[in-house]
Amino acid sequence: MDRRARFEALFEAHQARVLAYLLRRAEQPADAADLLADVFLTAWRRLDTIPADHAGLWLIGVARKILGNHRRGAVRRNQLADRLRETFAPMTLSADTPGGVREALAKLTKSDRELLTLSNWDDLSPAEIGIVLGVSQGTVRVRLHRAKRRLRNVLQEGDRARGPSADSHPLRASLPD
Amino acid sequence: MKRMLVSPPARWDDNEIDQLVAAANPVDASVLARVSAQSLAELRDHMAGERMPTPACQRRRAVILLVAVALMVGGTTAAAGWVGVHSGWFGPPGMTESDTSEFLRQDSPEIVAVIDRLTHKYSLPPEGSWSRFKRHWPLKERAYIQVTGLEGGVADEASCQWQQSWLDGTAAQDPARAMAAQQVLDQVPSWPIRAKIDGGNLRQHLRNMAALAHAGNVTEFSRLHGLNCPAGSPRG
């Protein structure tokens with residue numbers, strides 16, 4: 001398979017997952033278009049070094065780092081992403097759940113928030129998170145457990161602040177048995 | 001089969017926390033379905049036509065990498081079975097979050113000396129100690145961390161100990177101790193490592209902590225300190 005065909009296969013296989021990752025975390029949905037272009041440009045240039053057994057996780061790792069750079073400065077507009085940006089601009093994402101779980105997540109450290117969202121928004125296992133973050137699976141499990149404890153504390157404090165009659169308690173939502 | 005929780009339990013288990021976070025996902029399949037497939041295909045085709053880095057660029061990068069490895073490894077001799085701290089794997093430009101620092105082996109005995117060197121860059125309150133922080137290394141299993149990430153953990157440990165010192169000084173009505181801690185807390189958001197690897201709102205959080213200390217808001221300060229400075233665990 002030639003280089004271009006390999007890249008197209010990589011893009012088709014992983015673009016939805018990487019795009020979802022970026023949309024969940026970019027300050028504006030339209031920024032996700034430029035960030036997506038940056039991620040796959042990196043992939044195109046480094047195509048020969050992408051690990052075949054976890055290319056998707058490698059791309060998430062690149063997206064994570066590009067997003068980190070983006071947050072430190074203005075997003076760099078990429079002409080390649082012009083058309084895609086137009087489709088994202090009017091996009092509105094889902095509202096926060098009752099009880100303000102996203103608001104509670106925002107009160108955690110970046111590290112805790114990242115672990116919880118990689119696990120529950122991006123559906124990564126502890127082993128996969130370990131590959132993305134460059135730490136061991138055991139370390140991820142320990143940190144994830146602590147992050148859940150801290151989120152629980154924040155939610156309970158929010159619940160106490162709202163009082164006993166709060167209709168918006170997050171666990172008033174139906175949960176599967 | 002669904003069940004409704006009519007009153008919040010005292011503690012939610014980890015599975016329920018997972019479900020809550022999953023339910024707060026801002027991008028589900030319906031959002032992704034609205035993305036134009038044609039625009040994505042155009043983007044893909046444009047990128048596949050991008051010019052590749054020239055061989056000269058790649059050679060220059062390789063030379064820089066080799067020199068950096070040689071400088072960092074120095075005179076270390078690798079004995080059989082010995083786990084060295086240097087991986088020779090650097091964050092490539094444009095790939096890592098902030099820098100091109102090397103990924104170090106956290107399971108190497110040599111990591112202890114690296115951490116020791118980093119701790120000398122940060123002061124602690126008079127009653128502070130690095131011993132609890134340092135005892136986590138070397139790890140028992142293979143794991144990598146960039147030098148900057150490691151320094152971020154060291155800086156976090158120092159700032160947490162200064163926060164504790166402010167709380168203790170305030171509780172003990174020891175204005176000199178609280179003031180000394182306050183002066184450091186004011187500086188923490190400006191520490192170079194914070195500017196270097198603050199990918200989120202960490203510096204804003206640290207500024208907020210300093211402001212809470214100035215305002216004497218012990219309750220909120222203590223709450224945030226408890227959430228972000230768990231006792232006994234390495235930070236970063």
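Trainee: Let's start in chain B. Where is B:Asp107 found?
Mentor: B:Asp107 is in a loop of chain B, between strand E3 (102–105) and helix H5 (111–119). Keep in mind that this is a predicted model.

Trainee: Is B:Asp107 buried or exposed?
Mentor: Buried. Its relative accessibility is 15%, and the cut-off for buried is under 20%.

Trainee: Which side chain does the side chain of B:Asp107 make a polar contact with?
Mentor: That of B:Arg105, at 2.8 Å.

Trainee: Staying in B, what joins B:Trp137 and B:Pro138?
Mentor: A cis peptide bond, with omega at about -5°. Most peptide bonds are trans.

Trainee: Where is B:Pro138 found?
Mentor: In the chain B loop that runs between helix H6 (131–134) and strand E4 (144–146).

Trainee: Helix packing next. At what angle do the axes of H7 and H8 of chain B cross?
Mentor: Roughly 150°. H7 covers residues 147–171 of chain B and H8 covers residues 175–187. Their axes come within 8 Å.

Trainee: What does that make H7(B) relative to H8(B), roughly parallel or roughly antiparallel?
Mentor: Roughly antiparallel. Angles over 145 degrees count that way, so this pair qualifies.

Trainee: Is the crossing of H7(B) and H8(B) left-handed or right-handed?
Mentor: H7(B) passes H8(B) in a left-handed crossing.

Trainee: What is found in the loop between H7 and H8 of chain B?
Mentor: B:Gln173, for one, is in that loop. Phi of B:Gln173 is positive, near 55°, and the residue is not a glycine. Most residues other than glycine have a negative phi.

Trainee: Is B:Gln173 buried or exposed?
Mentor: Exposed, at 71% relative accessibility.

Trainee: What about B:Gly153, buried or exposed?
Mentor: B:Gly153 is buried, with a relative accessible area of 2%. Its place is in helix H7 of chain B. From B:Gly153 to B:Ile115 the C-alpha distance is 9.7 Å, and they are 38 residues apart in sequence.

Trainee: Over to chain A. How many helices and strands does chain A have?
Mentor: 8 helices and 1 strand. Reading from the N terminus, the order is α-α-α-α-α-α-α-α-β. Of the 177 residues in chain A, 55% are buried.

Trainee: And aromatics. How many aromatic pairs are there over all chains?
Mentor: A search of the whole structure finds 8. One of them is A:Phe7 with A:Phe11. The ring centres are 6.3 Å apart and the planes sit at 45°, so the pair is tilted.

Trainee: Where do A:Phe7 and A:Phe11 lie?
Mentor: Both are in helix H1 (residues 3–25) of chain A. They are 4 residues apart, about one turn of the helix. A:Phe7 and A:Phe11 are both buried.

Trainee: Which residues do ring pairs link into a cluster with those two?
Mentor: A:Phe40 and A:Trp44 join A:Phe7 and A:Phe11 in that cluster. A:Trp44 has a charge over its ring too: the charged end of A:Arg3 sits 4.5 Å from the ring centre.

Trainee: New topic. What is the phi of A:Asp123?
Mentor: It is positive, about 55°, although A:Asp123 is not a glycine. A:Asp123 is in the chain A loop between helix H6 (110–120) and helix H7 (126–133). A:Asp123 counts as exposed, at 62% relative accessibility.

Trainee: And A:Pro126, buried or exposed?
Mentor: A:Pro126 counts as buried, at 18% relative accessibility. A:Pro126 lies in helix H7 of chain A.

Trainee: Last one. Where does A:Arg149 lie?
Mentor: In helix H8 (residues 137–162) of chain A. A:Arg149 is partly exposed, at 33% relative accessible area. Its C-alpha atom is separated by 10.0 Å from that of A:Asp112, 37 residues apart along the chain.

Technical notes. Residues numbered from 1 in each chain as written. Chains lettered and ligands numbered in written order. Predicted model: local features only at pLDDT ≥ 70, side-chain atom pairs only at ≥ 80, totals over all residues. Heavy atoms only, no water. Phe/Tyr/Trp six-rings, centres within 6.5 Å; stacked < 30°, edge-to-face > 60°. Helix = DSSP H or I, 4+ residues; strand = E, 2+ residues; numbered from the N terminus. Buried < 20%, exposed > 50% of the residue type's maximum accessible area, 1.4 Å probe, protein only. Lys NZ or Arg CZ within 6 Å of the ring centre and 35° of its normal. Polar contact = N/O pair within 3.5 Å; in protein donor to acceptor, adjacent residues only side chain to side chain. Axes fitted to C-alpha atoms, helices over the stretch in contact; angles between N-to-C directions. Parallel < 35°, antiparallel > 145°, perpendicular 65-115°, else oblique. Left-handed = near helix turned anticlockwise from the far one by under 90°.
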